[in-house]
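Good morning, and thank you for coming.

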Amino acid sequence: MKLSLEQGIAAAVATLVVGSLVAFAVDAGPALGAAAGAARISEESRALPAPTGTAAFKDDRTQASVVFAGGCFWGVQGVFQHVKGVSNAVSGYIGGEATTARYETISGGRTGHAEAVRVDYDPRQVSYGQLLQVFFSVAHDPTQLNRQGPDRGTQYRSAIFSDDARQQAANRAYVGQIGASFTSPVVTELGTGKRFYPAEAYHQNYLERNPQAAYIRYYDAPKLVALQQRFPQLYRKDPMLVPMR
C-alpha cells in the first residue's frame, strides 16, 4: 500500500485520466459504473462461475465470519463493506503472533502476518459461496504470489482463514472449480487455527475516508465499479462502516 516515488507519480498521472470517472461511477450506480469504469475494470476483475456443489453449501445460521487476505486491506475492506448481508468488515492482521500485530512491524514482511479483513455476514442474505466469488473475482488477483499490484511481500499474500469445516471444504472446492478460469495457478493460501488482530483505527474505513487519495483512486475505487458491474444484486451503495470511537 506504500507507493514509491515512481509509483506515486505514475498513479497520479493515471488518476488524472480515469480517477474522476471512477469516482463518479462509484456514486452513480451500476449502469454508469459499467461504462465509466471500463478503463480499468478488466484489470480489477474477471468473470468467474458461481460456486457449485460443496462450494455452494447452505448455511442456516444468522451470523458467520471468515477472514480474507488479498493484498492491501484498504481495498478488500472497501469491497466487502459494499456487499449486502455483510454486517462488518474489519481490517487487521492474521498469521503471526500478537506481539507483531502492528502495522510498522508487519510491513517488514517477516512476521508471518498478512494484511486481512474479517468479514462478518448473515448467511440468509449473502451466501458463503457468493462471498468467495466476490473475493476471487473482484477483491484481488489470486494468481499473484506474495504481492498485489504495486505492493510486494508476504504480508500481501492471497489467503483465506477459516475455522469452519464447511467453509474450509468450500474454499478447496471453489479453488478447484475456478482454476481453469486463470492462465496462471491460483496461489491462495487456505489456512485455519490463526487469530485475527484488528488493525489500527487509522486503517479502518480507509477507502471511505480517503476517496481522493491517489492509491485509492487508482487501485481500489475501480474494484467498487467492478463489484457494481459483476454483482449488481449484491451491491450496497452505502457501505457498512466499522464503528469508530
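This is a predicted model: local features need pLDDT of at least 70, side-chain atom pairs count only at pLDDT 80 or more; totals for chains, interfaces and linings use all residues.

Residues are numbered from 1 along each chain as its sequence is written, and side-chain values use heavy atoms, with hydrogens and water left out.

The protein has 9 helices and 8 strands; helices (H or I, at least four residues) and strands (E, at least two) are DSSP runs numbered from the N terminus. Of its 245 residues, 54% are buried. Here buried means under 20% relative accessible area, exposed means over 50%, and partly exposed lies in between, with a 1.4 Å probe and protein chains only. The accessible surface is about 10600 Å², and carbon and sulfur atoms hold 55% of that area; such areas come from the Shrake-Rupley method with a 1.4 Å probe, and for residues only the protein chains shown count as cover. Among contacts with a separation of 6 or more, 83% join residues 24 or more positions apart, a contact being heavy atoms within 4.5 Å.

Let me turn to the helices. Two packed helices are described by the angle between their axes and the distance between the axes. The axes are lines fitted to C-alpha atoms, for helices over the stretch in contact, and angles run from 0 to 180 degrees between N-to-C directions.

How do helix α6 and helix α9 pack? Helix α6, residues 128-139, meets helix α9, residues 214-230, at an angle of about 130 degrees, and their axes are 10 Å apart. The two are therefore oblique to each other: angles under 35 degrees count as roughly parallel, over 145 as roughly antiparallel, 65 to 115 as roughly perpendicular, and the rest as oblique. On the α6 side the contact involves Val134, Val138 and Ala139, and on the α9 side Lys223, Ala226 and Leu227. These residues divide into 5 nonpolar, no polar and 1 charged. In this count Ala, Val, Leu, Ile, Met, Phe, Trp, Tyr, Cys and Pro are nonpolar, Asp, Glu, Lys and Arg are charged, and the others, Gly among them, are polar.

Helix α6 is largely enclosed by the rest of the structure, because 11 of its 12 residues are buried. Among the buried residues are Tyr128, Phe135 and Phe136.

Helix α4, residues 73-81, also packs with α9, at an angle of about 25 degrees and with the axes 9 Å apart. That makes α4 roughly parallel to α9. From α4 the contact takes in Trp74, Gly75, Gly78 and Val79, and from α9 Tyr215, Ile216, Asp220, Lys223, Leu224 and Leu227. Here the division is 6 nonpolar, 2 polar and 2 charged.

Finally, the asparagines. Asn146 is not a glycine, although its phi is positive, about 55 degrees. Asn146 is found in the loop between α6 and β4, residues 147-148, and is partly exposed, with a relative accessible area of 28%. Beyond its neighbours within four places in sequence, Asn146 contacts Asp151, Arg152, Gly153, Thr154, Tyr156 and Arg157.

Asn205, not a glycine either, has a positive phi of about 55 degrees. Asn205 lies in the loop between β8, residues 196-198, and α8, residues 206-209. Is Asn205 buried or exposed? Asn205 is buried, with a relative accessible area of 3%.
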